[in-house]
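Please keep the model open while going through the numbered points.

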Amino acid sequence: MKVFPDDLLYNREHTWVRVEGDLATIGITDYAQEKLGEVLSLELPETDDSVERDEPFGAIESAKGVFELISPVSGEVISVNDDITDDIGIINSDPHDTGWMIVVEMNDPEELDDLLDSGEYHDFVLREAGDG
Amino acid sequence: MAIDEAIFRFHQHEDMPPTLRFYGWKFPTVSLGYFQDVEKEVDIEACRRKNIPVVRRPTGGKAVLHEGDVTYAVVGRDSNPLFPADILGTYRVISRCIAGGLALLGIEAEMEGNSRAPNGDSLKASCFSSPSRYELLVKNRKICGSAQVRSHGIFLQHGSILMEFNPFKTCDVMLPRSGDYERQILRMKQSVTSVSEHTDRAVDVGMVCRALMTGFEKTLGIELVKGELSPEEEEIKAVLMTHKYMNERWNMEGGCRAWI
């Protein structure tokens, strides 16, 4: 089973957040990248764009289909990871670290209260994988 | 396209049964996959000359020239026990439903369990020239291509079943083109097939839809109930149609910005 770092928070749409003050670094989880398979295309917002909690901030495509990337927090994008747009394979190889996607300056850090910690996300993934 | 996305979006907020929808196209139309670069994959000038509109799908995959085909859309929750939790499992189940329907018309379609090597001269942009796992083949030629989008635990799967296939028309609007046109046409013929090639009697779109509905009912052990869009879905559809699917920017460029 995957190990999900303790210093991250997670939403049920398989994105993670690393919080430093008002800044939230966002990416997709190792579970998500494994479920998708090899990432073929990626679309991210641009710096200064706004993102809304529970709304798509981008999309990702593998041979299995298109998957909307759902933002765990609301705010303004202050940085986008150009390294993954140049080498998209990083999302598969290192999703929790160098595969980060965007940094958002949060509007409302209280939105973090609704996210899952690593243990809760681990249990959520186990339940999801068991469905069907 | 707006109707399919409206159903998909509404499912994200309401716990409702899966939806199956069939439709055709009033005019020959090219549909593009979500991420496709229109300039690299479709001859826009040729489409304009021939009055062929281009619409971008919310689903992935490659471009399709729709002309007399039966298009289907399935929207469901990925936790619904009718569909396996894994993504390919959903393709597999829906392919079984479609294969069951085609069998009623005397067409023996098989799932593509392991991707065929693509034909080098085929149009890489065209959906039907690029089989992927769990798509449907008849005698190793593709008869049904499918693609998905997923969000908030809901999937929308699009697919297209060809009634007839004209490789010349497809080659006229798809890019890139290889230098050897005749060879390209031959490869397309070898890769793609249609309902009309495998039925002795005249089979029309209505017969195909009825057979496919039976295929879904028998395979899934369900009874389909005819429905209409809810007022909420109608409202979402109207907004999507105006702001997204009739918007040149979405159709030509795509993108994840808020369209509604």
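1. Basis of the note. This is a predicted model, in which local features need pLDDT of at least 70 and side-chain atom pairs count only at pLDDT 80 or more, while totals for chains, interfaces and linings use all residues. Residues are numbered from 1 along each chain as its sequence is written, chains are lettered from A and ligands numbered from 1 in the order in which they are written, and side-chain values use heavy atoms, with hydrogens and water left out.

2. The sheet of chain A. Six strands of chain A form an open sheet in the order β1-β2-β3-β9-β8-β5, with antiparallel pairing. Helices (H or I, at least four residues) and strands (E, at least two) are DSSP runs, numbered from the N terminus, and two strands pair if DSSP finds at least two bridges between them. The edges are taken by β1 (9–10) and β5 of chain A, each with a single partner strand, so one side of each has no neighbour in the sheet.

3. Strands β2 (residues 15–20) and β3 (residues 23–28) of chain A are antiparallel and share six bridges; here V17(A) lies opposite I26(A) in β3(A). Strand β8 (residues 75–80) of chain A is joined by five bridges to the antiparallel strand β9 (residues 102–106) of chain A, where V80(A) stands opposite I102(A). Two bridges also join β8(A) to strand β5 (residues 50–51) of chain A, again antiparallel, and V51(A) has G75(A) as its bridge partner.

4. The sheet of chain B. An open sheet of three strands has the order β3-β2-β4 (chain B), with mixed pairing. Since β3 (54–56) and β4 (64–66) of chain B are at the edges, each with a single partner strand, one side of each is left without a neighbour in the sheet. From one strand to the next, the twist averages 30°. Strand β2 (residues 29–32) of chain B runs antiparallel to β4(B), with three bridges between them; S31(B) has V64(B) as its bridge partner in β4(B).

5. Helices α4 and α7 of chain B. The axes of α4 (residues 87–104) and α7 (residues 205–220) of chain B come within 7 Å and cross at roughly 125°. Axes are lines fitted to C-alpha atoms, for helices over the stretch in contact, and angles run from 0 to 180 degrees between N-to-C directions. The angle makes α4(B) oblique to α7(B) (under 35 degrees counts as roughly parallel, over 145 as roughly antiparallel, 65 to 115 as roughly perpendicular and the rest as oblique).

6. Helices α1 and α8 of chain B. The axes of α1 (residues 2–11) and α8 (residues 231–245) of chain B come within 8 Å and cross at roughly 125°. α1(B) and α8(B) are therefore oblique to each other.

7. The interface. In chain A, 21 residues are in contact (heavy atoms within 4.5 Å) with 22 residues of chain B. About 1800 Å² is buried between chain A and chain B, and carbon and sulfur atoms give 58% of this area. Buried area is the accessible area (1.4 Å probe) that two parts lose on being put together, summed over both. K64(A), V66(A) and E68(A) supply 32% of the area that chain A buries against chain B, more than any other three residues.
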